[in-house]
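Here is a short note for a colleague opening this entry for the first time. Please keep the sequence and the model side by side while reading.

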Amino acid sequence: MNAPSAPDIAARIDALLPQTQCTRCGYAGCRPYAEAIADGTAPINQCPPGGSATIQALAELLGRDIRPLNPANGVESPPQIAWIDESRCIGCARCLAPCPVDAIVGAGKFMHTVIAEHCTGCELCIAPCPVDCIEMRPTPAPRPNRPDVNRRRADAHTGRLLRRAAERQRALDAKKAGAAPRAPEGGAAP
Ligand code: SF4
Ligand code: SF4
Ligand code: SF4
């Protein structure tokens with residue numbers, strides 16, 4: 001039987017990661033970290049949301065030694081979710097795009113709120129808020145991590161951002177084309 005290829009191994013590693021896309025591992029998301037582990041450039045102990053259970057699963061998959069979570073990447077902690085103090089929210093919407101799983105809803109100039117069911121606790125919405133009205137709170141009840149759901153929501157989020165960027169680029173290109181000097185009849189534009 002052929003040995004699994006690097007992309008196959010990366011996919012199997014990725015399937016063991018929590019899919020919060022929190023970047024605490026030092027990579028842009030779970031898949032880039034999985035690829036770094038697969039190509040041997042990252043150790044298996046850099047994912048705080050996955051903690052010791054993920055390290056053990058990765059060690060079993062890859063035949064590597066179990067190592068404690070690297071404290072440089074963070075600590076293993078009870079699950080938390082974001083909470084927005086709606087009395088202070090100014091409706092700037094800066095927290096929407098950074099949320100990898102679209103767990104925040106709200107319209108411009110109106111208060112925003114977190115859909116607790118979808119929040120993975122990644123904390124990526126905290127820093128962009130200009131009035132510091134987002135804080136992390138313990139989850140009301142214990143809940144299992146749902147990597148498959150997180151991945152689907154993250155893929156949908158990324159796809160939407162890419163589509164919007166492409167639409168903006170098309171609009172910009174059309175505007176530039178409309179502003180370009182027209183070629184005179186029978187000749188080329190200067
Ligand atoms: S969940 Fe783990 S692997 Fe995924 S981005 Fe966060 S730290 Fe990295
Ligand atoms: S609401 Fe904040 S903490 Fe929750 S998933 Fe979105 S960005 Fe992460
Ligand atoms: S970034 Fe802060 S102030 Fe702006 S909409 Fe989000 S929660 Fe409200």
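1. **Ground rules.** This is a predicted model; local features need pLDDT of at least 70, side-chain atom pairs count only at pLDDT 80 or more, and totals for chains, interfaces and linings use all residues. Residues are numbered from 1 along each chain as its sequence is written, and chains are lettered from A and ligands numbered from 1 in the order in which they are written.

2. **Domains.** The protein chain is assigned domain 1 (6–73) and domain 2 (78–174); such bounds come from an automatic or database domain assignment. Their centres, taken over C-alpha atoms, are 24 Å apart. Six residues of domain 1 and eleven residues of domain 2 make the contact (C-beta atoms, placed from the backbone, within 7 Å). On the domain 1 side, three are nonpolar, three polar and no residue is charged. Here Ala, Val, Leu, Ile, Met, Phe, Trp, Tyr, Cys and Pro count as nonpolar, Asp, Glu, Lys and Arg as charged, and the others, Gly among them, as polar.

3. **Main core.** The largest nonpolar core holds 14 residues. A core is a set of buried Ala, Val, Leu, Ile, Met, Phe, Trp, Tyr and Cys residues joined through C-beta atoms within 7 Å. Buried means 20 or more other C-beta atoms within 10 Å of a residue's own, with C-beta atoms placed from the backbone. I13, L17, Y33, A34, I37, A38 and L58 have the most contacts inside this core. α1 (6–14), α2 (30–38) and α3 (51–62) each supply at least two of its residues. α2 gives the most, with five residues. Helices are DSSP runs (H or I, at least four residues), numbered from the N terminus.

4. **Helix α2.** Which residues of α2 are buried? They are C30, Y33, A34, I37 and A38. These lie on the same side of α2, because they cover an arc of only 140 degrees around the axis. The arc is that of the directions from the helix axis to the C-beta atoms. G40 follows α2, with a positive phi near 85 degrees.

5. **L17.** Leaving out residues up to four places away in sequence, L17 touches C30, Y33, A34, C47, G50, T54 and P147.

6. **Ligand 1.** There are 16 residues around ligand 1 (C-beta atom, placed from the backbone, within 6 Å). C22, R24, C25, C30 and C47 come nearest. The shell has ten nonpolar, five polar and one charged residues.

7. **Ligand 2.** Of the 15 residues around ligand 2, A82, C99, C119, C122 and C125 come nearest. This shell has twelve nonpolar, two polar and one charged residues.

Definitions and conventions: Two residues are in contact if their C-beta atoms, placed from the backbone, lie within 7 Å. A residue is buried if 20 or more other C-beta atoms lie within 10 Å of its own, exposed if 12 or fewer, and partly exposed in between; C-beta atoms are placed from the backbone.
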